Amino acid sequence: MLKTDIKDELTYIEKVKKINEGKNLKYHILTMGCQLNENDSEKICGMVEQMGYTKTDDVMDADLVIYNTCCVRENAEERLFGKLGEVKKLKEAKGTIIAIGGCMMQEKHIVDKIKKSYSYDVIFGTHTLKNFPKDLYDAILERKKITDILDIDGEIIEGLPIKRNDNIRASVTIMNGCNNFCTYCIVPYVRGRERSRAPEDILNEVRKLAQEGYKEITLLGQNVNSYMRVEREKFKQSIKDESDNVEKSSSAGQRNSINEIDSFAKLLRAVNEIPGIEKIRFISPHPKDFTDDVIEAIRDCSKVSKFIHLPLQSGSTEVLKVMNRVYTKEQYLELVEKMKKKISNVKFSTDIIVGFPGETEEDFEDTLDVVRKVKFEQIFMFIYSRRVGTPADKMENQIPEEIKHKRFDRLKSLYEEILKENNHEYIGKVEQILIEGYSKTNKELLTGRTDTNKVVVLEGDGSLIGKVIPVKIVSEHMWYLKGESNIK
Ligand code: 5AD
Ligand code: SF4
């Protein structure tokens, strides 16, 4: 794990700050996509605020507009181009600086389209976040259009400033990239190969968050439960090379050392020890990497949530094979059973794609069957969308839009049925709820979540915010539960 020194890059924060001095400039940021992107945006906000900009929700009011894009599904593209159309006028009227970053910028056809048809000042990719202050400096001072994209994997960058969105719950990225190459997914092409952050950097960040009063940590990565896998394999290989006497004299003493915390299970156990943190979540894991040590760590660690995201994608063994998910329907269900046996009260959420190329009615029925059997607490449902450059995009048996939408609606109806059943089971139970703040729709009520991420609203005093309290669930609604607490 080579760490890059970013002192030079950070000096540009000061340089831009000097240019901006006394100008009372504002920035607006829009983040698309997953929590990893949200976490990158927190770093962008950290840098931008140190450069003297203050945040505004109103794009019309902004001197700097930043779009942090996602390319995992199609609709984000349409949204970005819509937004770029709108800010074009703003740029013409008052010279607003436009910066576009994130994983969509790793796609050449998108960057070409922006360059051809839209206004922009800075385009930056997923591997060049640390250069953002310099890119902005060059764009402002030299009035140049900057495109700063790297195709090769960026190193792990430590030490970027960060401005977090919340003061109770925080995300901590533990790894970047993905080696799985699911055939529908663009992520491995735009985020690069798997590389893990050093455990001591992660633990230091969590310790710091605990000291600042954060209670809940979400460990982030495209494939969190393969944390340190690549590094472990490299290490094993280096030992093998040594014992095979390959370049013995030159490699002796140069071998990569490996930390004691060399797996996701060990990382979970270490984070669990940090005082002050009350809840630990993680997304996204891959079913194939739920080894026994990970399952046992979840079971043993009192702070680790027993609500597990277990992306299914499809319930059909045939489709799973073409998706390159490397598990069958039966293996997935066996894993669920094993986890239920080992972890008391475990609950699941999942991701499902409908309408993958070649998906037959029977394949789709298999998906519904798994949903009925597992009774997921939460399902993120996606209509398959073709991504340029992925193997699935080249498959000839694409499913017509109409069938995809009909299947999506059928899955949604089943989900709503199951949701009702699941919600009903909460009535009368006492749940430990981390109170996050006031309800957005009713400022008189407090809001928090169950371990299973269900929103709970209740009456109570503002002093409970940030505390974990027992709440009795008294009524159910489709998307939230109502609770009561004796603690005032
Ligand atoms: N089409 C639809 N959904 C997709 N996902 C990833 N790629 C695609 C695609 N091409 C979904 C998967 C993944 C989630 C983050 O997005 O379900 O788990
Ligand atoms: Fe994409 Fe599959 Fe990697 Fe998840 S595991 S990021 S779906 S390639």
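1. N324 sits in the loop between α12 (317-323) and α13 (329-342), where helices (H or I, at least four residues) and strands (E, at least two) are DSSP runs numbered from the N terminus. The phi angle of N324 is near 65 degrees, which is a positive value in a residue other than glycine.

2. A word on the basis of this note: this is a predicted model, in which local features need pLDDT of at least 70 and side-chain atom pairs count only at pLDDT 80 or more, while totals for chains, interfaces and linings use all residues. Residues are numbered from 1 along each chain as its sequence is written, chains are lettered from A and ligands numbered from 1 in the order in which they are written, and side-chain values use heavy atoms, with hydrogens and water left out.

3. S284 belongs to the loop between β11 (279-283) and α11 (292-300).

4. Which residues are around ligand 1? They are V72, R73, Y184, Q313, D351, I353, F382, I383, Y384, S385 and R387, a residue being near a molecule if one of its heavy atoms lies within 4 Å of it. Both β13 (347-354) and β14 (378-383) supply at least two residues of this shell. By class, the shell divides into 6 nonpolar, 2 polar and 3 charged residues, with Ala, Val, Leu, Ile, Met, Phe, Trp, Tyr, Cys and Pro counted as nonpolar, Asp, Glu, Lys and Arg as charged, and the others, Gly among them, as polar.

5. A nitrogen atom of ligand 1 lies 3.0 Å from a backbone N or O atom of Y184, and a backbone N or O atom of S385 lies 2.8 Å from a nitrogen atom of the ligand. In the side chain of D351, an N or O atom is 2.6 Å from an oxygen atom of ligand 1. Taken alone, ligand 1 exposes 400 Å², and the protein buries 86% of that (accessible areas come from the Shrake-Rupley method with a 1.4 Å probe).

6. Ligand 2 is surrounded by C178, N180, F181, C182, Y184, C185, V187, P188, Q222, H286 and R325. Its shell has 7 nonpolar, 3 polar and 1 charged residues. Y184 is listed around ligand 1 and also around ligand 2.

7. The structure holds 2 cavities of 30 Å³ or more; on a 1 Å grid over the protein atoms alone, a cavity is a set of points where a 1.4 Å probe fits but cannot get out, and lining residues have an atom within 4 Å of a point. The largest cavity has a volume of about 40 Å³, the volume being the space filled by probe spheres set on the points, which are joined across faces, edges and corners. Its lining consists of D40, N68, G102, F124, G125, T126 and L129.

8. How many aromatic pairs does a search of the whole structure find? The search finds 9, where rings of Phe, Tyr and Trp (its six-membered ring) pair if their centres lie within 6.5 Å, and planes under 30 degrees apart count as stacked, over 60 as edge-to-face and the rest as tilted. One of them is the edge-to-face pair of Y12 and Y137, at 5.3 Å centre to centre with 65 degrees between the planes. Because Y12 lies in helix α1 (residues 7-20) and Y137 in helix α5 (residues 132-141), the pair ties together parts that are 125 residues apart in sequence.

Key:
Polar contact = N/O pair within 3.5 Å; in protein donor to acceptor, adjacent residues only side chain to side chain. 1 Å grid on protein atoms, 1.4 Å probe; cavity = no way out; pocket = protein on both sides within 12 Å on 5 of 7 lines; lining within 4 Å.
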